[in-house]
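Please find below my notes on the complex.

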Amino acid sequence: MPIQPGRDAAKEANNMKYQSFEKGRKAGGVDEGSDPLGPNSEIGRKLKQYYDDLVSEDIPDRFASLLSQLEQKEEPQNTEKE
Amino acid sequence: MSNTPNFREALLAAVPVLRAFALSLSKNADRADDLVQETLVKAWDKQSSFQPGTNLKAWLFTILRNEFYSQMRKRKREVEDTDGSITASLSIHPSQDGSSDLNDFRKALARLPEDQREAIILIGANGFSYEEAAEICGCAVGTIKSRVSRARTRLQEILSIEGEGEFGPDPIAAQVTSAAGVA
């Protein structure tokens, strides 16, 4: 039996229609080939904004003290090891 | 003699970005901080296995991610209310800057499947290469590419749909409506 190209082609066409619809709707839409999350992409821009926001949050002191503790545990006498 | 001062400083410098990654994965501030803490302890213990000159950030992200998934597996047996946990997670950042645009994005991101969310965060927000992201996630480069692409498509869908409900009754109702619309 040959494969049914008709059905696949229809599905494909449907997908393409949807994609081009999406692309047309998004002003910042870019081709798959270029950087899809680059500064020209709306999603890419929002993603960076979201993440920069998180990265710039104040860091709780517990992390600095944790690292100091870890360091102190190791440095004074190296005789004992787990 | 160990190179601990440098290592400690390098770890400390990585905390903000580790925390951002942890928050993106777990969507819960307390759990994210625990995740970062656990990552720092593990990284410290394993520091001899880190090869200087290689990408420390990628190494740390790998540890954090492994820790996240092992905690998830443990929790999965206990927690069944996934909807409840998602709802709770949406309130961690109560409109810090009043930007509803950014809040919409957070909510949309929270609705992505874990694998897609982490892929788009690694590539789009952290600037890892597809190869690095694949190594961090322990999967094929092609898998990362397709996850990123699906994540992007899904975010576009969610955001454009929720945009229509911008002046709707209330956020929860809009959330439910748009979730139904997407399904």
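1. Confidence in chain B. The average pLDDT of chain B is 82, and 74% of the residues score at least 70; pLDDT is the predictor's confidence in each residue, from 0 to 100. Below 50 falls the stretch of residues 90–96 of chain B, which has seven contacts in the model beyond near neighbours in sequence. Residues 163–170 of chain B also stay under 50, with five contacts beyond four places in sequence. Two residues are in contact if their C-beta atoms, placed from the backbone, lie within 7 Å. Where pLDDT is low, the predicted coordinates should not be read in detail.

2. Basis of the note. This is a predicted model, in which local features need pLDDT of at least 70 and side-chain atom pairs count only at pLDDT 80 or more, whereas totals for chains, interfaces and linings use all residues. Residues are numbered from 1 along each chain as its sequence is written, with chains lettered from A and ligands numbered from 1 in the order in which they are written. For the complex, the predictor gives an ipTM of 0.75 and a pTM of 0.70.

3. The interface. Contacts join 28 residues of chain B to 26 residues of chain A. On the chain B side, helix 1 (4–26), helix 2, helix 5 (100–110), helix 6 (114–125) and helix 8 (141–164) each supply at least two residues. Helix 1 of chain B gives the largest share of that side, 10 residues. By class, the side of chain B that touches chain A has 18 nonpolar, five polar and five charged residues (nonpolar: Ala, Val, Leu, Ile, Met, Phe, Trp, Tyr, Cys and Pro; charged: Asp, Glu, Lys and Arg; polar: the others, Gly among them). Helices are DSSP runs (H or I, at least four residues), numbered from the N terminus.

4. Helix packing between chains. Helix 3 (residues 62–74) of chain A and helix 2 (residues 29–45) of chain B have axes that come within 11 Å and cross at roughly 20 degrees. The two helices are therefore roughly parallel (angles under 35 degrees). A:Phe63, A:Leu66, A:Leu67 and A:Leu70 meet B:Val36, B:Gln37, B:Leu40, B:Val41 and B:Trp44.

5. Helix packing within chain B. The axes of helix 2 and helix 3 (residues 56–78) of chain B come within 9 Å and cross at roughly 125 degrees. Among the residues that meet are B:Leu35 and B:Glu38 in helix 2 and B:Leu60 and B:Ile63 in helix 3 of chain B. Here the contact has six nonpolar, one polar and three charged residues.

Definitions and conventions
Axes fitted to C-alpha atoms, helices over the stretch in contact; angles between N-to-C directions. Parallel < 35°, antiparallel > 145°, perpendicular 65-115°, else oblique.
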